[in-house]
Amino acid sequence: CNGLGGYSSLSAVFSTPRTDQGLLIASLQARGQRINFVHRLKERLLIGEEAVDLSTQQFTDGTKPETGYRWLNRFAWESGPMWIYRVGGVRVQRSCAMVYGENTVAVVYRMENLTDRPSVLEITPFFKFAPKESVLRVRKHMCMGNGYISCEGHKVYVRTTGDLEAIEPMWQMLAYPEDAKDGRESGGLTGACCRIRCTVPENSNKEFELVFSTIDQHRSGAQILRQQEVRMEQLLTGSDLEDPVAQQ
């Protein structure tokens, strides 16, 4: 939560099981106007000629489910969420944080490649550009500009230390199994028009990041993670709570 009414909310396996979940749901003008900008990230790890999904997601259009949870070695929450995946000799750590007081979210990846082949992490952000609680039924026209994606008067800035490229628009029909339990619609559309790639040579380490924001800000993902860590430490120190359960 960013203190404005915006938030970042995904499952513990980094999936999107509800229409009102997403990586960046921004609060615009007032708390009641919340827009789902970045709905999910499709993550694909290539090791030589082999490819596996690290993302997890179900679909309603016959698309084969992404089952990245099979490679999930650890999930933890300290000052924010952190996931560790292990595929063969490749280790991928993902950490996320929001900027308090801003509609900005960072995703930082730390990759360790102990194989004798290059590894590539390929990330495709899927956008929604719709009110947080709505189900998207009609494809929208999204346009990639110089460092941003725009759609119907809205704009989300994308900063990355990976290689960002435009792609032909692609659409997915996501399944919302948690909504279906409540009698709500069981699926909705989300679209992509760009892709980010990071290559890690054999026997080496690399860190790279993605930052999505409704403003053209210039903090790095590492700075955003550290800012959240400091804020959580300050909240804990100022609470005057000594019991470990109460602190948690």
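Trainee: What volume does the largest pocket have, and which residues are the closest to its centre?

Mentor: In this predicted model, the largest pocket has a volume of about 420 Å³. Of its 24 lining residues, Cys1, Trp77, Pro81, Met98 and Gln228 are the closest to the centre. Two or more residues each come from β1 (7-9), β7, β8 (81-87), β9 (90-98) and α2 (221-239). The largest share, five residues, is given by α2. By type, the lining divides into 17 nonpolar, six polar and one charged.

Trainee: Which element gives the largest share of the lining of the second largest pocket?

Mentor: Again α2, with six residues. This second pocket holds about 320 Å³ of space, and Glu78, Met232, Leu236, Gln247 and Gln248 are the closest to its centre among 13 lining residues. Its lining comprises six nonpolar, four polar and three charged residues.

Trainee: Which residues have the most contacts inside the largest nonpolar core?

Mentor: In soluble globular proteins, nonpolar side chains tend to be buried together. The largest core here has 44 residues, with Leu41 and Phe212 having the most contacts inside it. Beyond its sequence neighbours within four places, Leu41 contacts residues including Phe14, Val107, Ile123 and Phe212. A second, separate core of seven residues includes Val211.

Terms used
Residues numbered from 1 in each chain as written. Predicted model: local features only at pLDDT ≥ 70, side-chain atom pairs only at ≥ 80, totals over all residues. Heavy atoms only, no water. Core = buried A, V, L, I, M, F, W, Y, C linked by side-chain atoms within 4.5 Å. Buried < 20%, exposed > 50% of the residue type's maximum accessible area, 1.4 Å probe, protein only. Contact = heavy atoms within 4.5 Å. 1 Å grid on protein atoms, 1.4 Å probe; cavity = no way out; pocket = protein on both sides within 12 Å on 5 of 7 lines; lining within 4 Å. Points joined across faces, edges and corners; volume = space filled by probe spheres on them. Helix = DSSP H or I, 4+ residues; strand = E, 2+ residues; numbered from the N terminus. Nonpolar A, V, L, I, M, F, W, Y, C, P; charged D, E, K, R; others polar.
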